[in-house]
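Please open the structure in your viewer and keep the selection tool at hand. The stops below are meant to be followed in order.

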Amino acid sequence: MVVIISSSSSSSAMQNAFAIRSILFVLVFGLSSAQLSSNFYSSSCPNLLSTIKTAVNSAVSNEARMGASLLRLHFHDCFVNGCDASVLLDDTANFTGEQNAGPNANSLRGMDVIDTIKSQVEKACPATVSCADILAVAARDSVVALGGPSWSVVLGRRDSTSASSSAANNNLPAPTLNLNGLISAFSNKGFTAKEMVALSGSHTIGQARCTSFRTRLYNEANINASFATSLKANCPNSGGDNNISPLDTLTPTSFDNNYFKNLLSQKGLLHSDQQLFSGGSTNSQVNAYSSNSASFFNDFASAMVKMGNLSPLTGTNGQIRLNCGKTN
């Protein structure tokens, strides 16, 4: 592409400079996602969506927590070099993958469910459907299975041929982040503060390890005293790092807006959770979602569509892995 800049005036030069930045933004963030389509597999793998939905419903029925695990898997994939299933790659001699990076070590779950789905899909439609697309659909179906909103998942992503432990460490938001850090981490991926709050609402389901919230329990003041006491037995000052507690104590296996209600009463489990309602700029949004679940559901679904469009590999980029844990 050639862009010609006129030298006729500084004003037109400035306009052209802005146009160039806009074009670059589209090229980096928007062009590949435009190749995704909701009916990408309609002829090549017509039963794909029903196959994934049945498998996810079965897995969530067997263990409700799995819904949160599959949603988290998609999030941890997309925030590290885009939605390319890099999170599923095992370490090799050529690269250290993402599964043992700090945010994922001892906590990443659901790969077995994805492998089961991939095996079923390969039998029906060999070498056709990417692991990245399976992750995206499984995340949506997990939310629906637990009573949350649905959204249309566009498809056509391809799988990466590498993964990066350092990229996972650098891009995934830590549970110790303050509000400004959270806003910045999500802004780096193109999300507004409002979208960050909506996506944080995914903590209405799932569990967290003691090591993720111990410091909050024993050292922070903006935590409900009885709530903290109830957690300390399962999360002692030392030891028990892998003991788990629900992120939403009210309805830990239902996708609803109780996460935000918990924040109002200082019952956010993670430091990063309570930061959303701690006197800062996102207080009003937490208040709004706590009293209007329909608004939360709508905004969450829209933000999930946006997240699923983060830097996908399309066309001839990447590959369709035959086994999600290794490259072809």
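Begin by selecting aspartate 115, which is found in helix 4, residues 111-124 (helices are DSSP runs of H or I with at least four residues, strands are runs of E with at least two, and both are numbered from the N terminus). This is a predicted model, in which local features need pLDDT of at least 70, side-chain atom pairs count only at pLDDT 80 or more, and totals for chains, interfaces and linings use all residues. Residues are numbered from 1 along each chain as its sequence is written, and side-chain values use heavy atoms, with hydrogens and water left out.

Aspartate 115 counts as partly exposed because its relative accessibility is 40%, where buried means under 20% relative accessible area, exposed means over 50%, and partly exposed lies in between, with a 1.4 Å probe and protein chains only.

Next, move to tyrosine 259 in helix 11, residues 258-264. Is this residue, tyrosine 259, buried or exposed? Tyrosine 259 counts as buried because its relative accessibility is 1%.

Now show what surrounds tyrosine 259: leaving aside residues up to four places away in sequence, it touches Ser200, Gly201, His203, Thr204, Asp248, Asp273 and Leu276, a contact being heavy atoms within 4.5 Å. Histidine 203 and tyrosine 259 are 56 residues apart in sequence, while their C-alpha atoms are 6.6 Å apart in space.

Finally, zoom out to the whole protein, where there are 14 helices and two strands, and where 47% of the 328 residues count as buried. Among contacts between residues at least 6 apart in sequence, 74% join residues at least 24 apart.
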